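This report describes side-chain contacts, helix geometry and surface features. The sequence and the structure are shown first.

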Amino acid sequence: MEQLSAYMPYFTSIICALISGIVTYIVSRKQTKNEINKLIKQHELNLESQRKQYEHEIAILNLEHEHQLKLKDKELENKLSGDMMNTLISEAMKNPEIKRQFNQGVTDGLKKHR
């Protein structure tokens, strides 16, 4: 028993060191978790505001696209109507009777304006 009591301070210091190490580990782990949670909250995305922003950008792009489509449609319509009129007139002028009537109308119109 005397031999055991001689080693008691060593046992006590080892046990105290173990307890201190365990407590330090638990405290540092808790602090690390808190720091990680803080970082997660700091870098958390506000998904709703991002979604609204992208919806707004998509709406603008859709409006621009619709506008461009309407412009192209009008441009094509004007081109087709112009081409159609030119085709009709050129085909009509190939007919000698229509050509004679046209020339007669132009001549009569010029006489009236004089």
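## Salt bridges

The side chains of glutamate 55 and arginine 51 are joined by a salt bridge, with an N to O distance of 2.4 Å; the term denotes a side-chain nitrogen of Lys or Arg within 4 Å of a carboxyl oxygen of Asp or Glu. The model is predicted, so local features need pLDDT of at least 70 and side-chain atom pairs count only at pLDDT 80 or more, while totals for chains, interfaces and linings use all residues. Residues are numbered from 1 along each chain as its sequence is written, and side-chain values use heavy atoms, with hydrogens and water left out.

Both glutamate 55 and arginine 51 belong to helix α2 (residues 47-94), where they are four residues apart, about one turn of the helix. Helices here are DSSP runs (H or I, at least four residues), numbered from the N terminus. Glutamate 55 is partly exposed at a relative accessible area of 43%, and arginine 51 is also partly exposed, at 38%. On this scale, buried means under 20% relative accessible area, exposed over 50%, and partly exposed in between (1.4 Å probe, protein chains only).

The count of salt bridges comes to two. Glutamate 97 pairs with arginine 100 in a salt bridge whose closest N and O atoms are 2.7 Å apart. These residues, glutamate 97 and arginine 100, are three residues apart in helix α3 (residues 96-113) and therefore separated by about one helical turn. Relative accessibility is 38% for glutamate 97, which is partly exposed, and 48% for arginine 100, likewise partly exposed. An α-helix has 3.6 residues a turn, so residues three or four places apart point the same way.

## Aromatic pair

One aromatic pair is counted. Tyrosine 7 and tyrosine 10 form this pair, which is tilted, with 6.4 Å centre to centre and 45 degrees between the planes. The rule pairs rings of Phe, Tyr and Trp (its six-membered ring) if their centres lie within 6.5 Å; planes under 30 degrees apart count as stacked, over 60 as edge-to-face and the rest as tilted.

Tyrosine 7 and tyrosine 10 both lie in helix α1 (residues 2-42), three residues apart, or about one turn of the helix. Tyrosine 7 is partly exposed, with a relative accessible area of 48%, whereas tyrosine 10 is exposed, at 53%.

## Geometry and surface of helix α1

The 41 residues of α1 should span 60 Å at 1.5 Å a residue, and this agrees with its end C-alpha atoms, which are 60 Å apart. The expected span is 1.5 Å times one less than the number of residues. At methionine 8, α1 bends by about 40 degrees, and proline 9 follows within four residues; the bend is the angle between axes fitted to the seven residues ending at a position and the seven starting there.

Tyr7, Met8 and Tyr10 are among the residues of a nonpolar surface patch of about 890 Å², which also includes Ile19. Isoleucine 19 is placed in helix α1.

## Separations along the chain

Threonine 32 lies in helix α1 and is partly exposed, with a relative accessible area of 40%. The C-alpha atoms of threonine 32 and histidine 67 are separated by 55 Å, and the two are 35 residues apart along the chain.

Asparagine 62 is located in helix α2 and counts as partly exposed at 41% relative accessibility.

Definitions and conventions. Helices (H or I, at least four residues) and strands (E, at least two) are DSSP runs, numbered from the N terminus. Patches are made of residues with over 30% relative accessible area and no salt bridge: like charges are joined within 9 Å, nonpolar side chains (Val, Leu, Ile, Met, Phe, Trp, Tyr) within 5 Å. Accessible areas come from the Shrake-Rupley method with a 1.4 Å probe; for residues, only the protein chains shown count as cover.
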